[in-house]
Amino acid sequence: MKPADLPCSTHPLVTLRPLERSDAPAWYACLADPVVIKHTSWDLRSIDDLQANFDDYASADASSPMRLAVVLREGGQLVGTIGLNAISPQHRTAEIAYELSPAVWGQGVATTIVDAVVDWGFRRLDLLRIQATVLESNERSLRVLERCAFEREGYLRCYRQIRGKSGNFWLYARLAGVP
């Protein structure tokens with residue numbers, strides 16, 4: 001995707017750009033932070049575990065996942081990623097996923113970038129539904145989704161394995177054209 005085709009962040013602290021293989025060390029460092037990983041389903045043992053994701057993100061297939069780097073406007077340091085997984089052009093649905101470094105928590109970054117990607121997904125990809133599955137312990141992410149007009153739809157027991165243990169998740173969704 002060309003930068004003009006990507007979602008835009010209006011947040012004064014960060015911007016969005018395509019995620020590149022050269023971002024792997026910074027992305028891995030973010031995901032290796034115990035405070036970040038605690039509330040995600042990532043199970044990384046080394047930076048090499050991220051490499052297959054880059055192949056998926058580089059695919060031109062309409063159903064391939066897409067991921068963007070969240071970088072500081074000043075200096076360009078990667079402070080997280082955001083993207084869409086499980087994209088179904090047939091059903092016009094996708095799942096949003098993101099993680100941010102604690103350095104930018106509490107500053108409205110997550111809310112701004114989630115809104116930007118969701119609005120872009122509805123407009124550019126013609127999606128009707130964007131959902132999110134959130135580990136029940138991730139209170140910050142639950143609040144972000146609620147601020148972004150996502151509605152809680154259900155509770156998914158033992159939904160995913162989290163580093164060898166079953167995790168319970170909340171299911172949230174936002175529909176196109178529903179304020």
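Start by selecting V70, I82, L84, I96, V114 and F150: of the 34 residues in the largest nonpolar core, these touch the most other members. The model is predicted, so local features need pLDDT of at least 70 and side-chain atom pairs count only at pLDDT 80 or more, while totals for chains, interfaces and linings use all residues. Residues are numbered from 1 along each chain as its sequence is written, and side-chain values use heavy atoms, with hydrogens and water left out.

A nonpolar core here is a set of buried Ala, Val, Leu, Ile, Met, Phe, Trp, Tyr and Cys residues joined through side-chain atoms within 4.5 Å. Buried stands for under 20% relative accessible area, exposed for over 50%, and partly exposed for what lies in between (1.4 Å probe, protein chains only). Colour β1, β2 (66–72), β3, β4, α4, β5 and α5 (139–147) next; these are the elements that give two or more residues to this core. Helix α4 gives the most, with eight residues. Helices (H or I, at least four residues) and strands (E, at least two) are DSSP runs, numbered from the N terminus.

Now pick L84 alone. Leaving out residues up to four places away in sequence, L84 touches P65, M66, A94, E95, I96, V117, W120, L125, L127 and I130; contact means heavy atoms within 4.5 Å. Then select I37, W42, Y57 and V71, which are among the 12 residues of a second, separate core.

Show the strands as a cartoon. Seven of them form an open sheet with mixed pairing, in the order β1-β2-β3-β4-β5-β7-β6. Two strands pair if DSSP finds at least two bridges between them. β1 and β6 (151–162) are the edge strands, each with a single partner, so one side of each has no neighbour in the sheet. On average, neighbouring strands are turned by 30 degrees against each other, direction ignored.

Zoom in on β4 (residues 93–100), where seven of the eight residues are buried. On one side, β3 (residues 78–88) pairs with β4 in the antiparallel sense over seven bridges. N85 stands opposite E95, and G80 has L100 as its bridge partner. The two strands form a hairpin with four residues between them, and R92 in the turn has a positive phi of about 60 degrees.

β4 also pairs with β5 (residues 129–135), in the parallel sense over three bridges; here A94 has I130 as its bridge partner. Trace the chain from β4 through α4 (residues 109–124) to β5: this β-α-β crossover is right-handed. That is, with the strands pointing away from the viewer, the path from the first strand over the helix to the second runs clockwise.

Move to S9, in the segment before β1 (14–18). S9 counts as buried because its relative accessibility is 7%. Its neighbours, not counting residues up to four places away in sequence, are V14, T15, L16, R73, T112 and I113. The S9 side chain also reaches the backbone nitrogen of H11 at 3.1 Å.

Finish at R147 in helix α5. R147 is exposed, with a relative accessible area of 51%. Draw a distance to L78, 69 residues away along the chain: the two C-alpha atoms are separated by 24 Å.

Methods
A polar contact is a pair of N or O atoms within 3.5 Å; within protein, one must be able to donate a hydrogen and the other to accept it, and residues adjacent in sequence count only if both atoms are side-chain atoms. Axes are lines fitted to C-alpha atoms, for helices over the stretch in contact, and angles run from 0 to 180 degrees between N-to-C directions.
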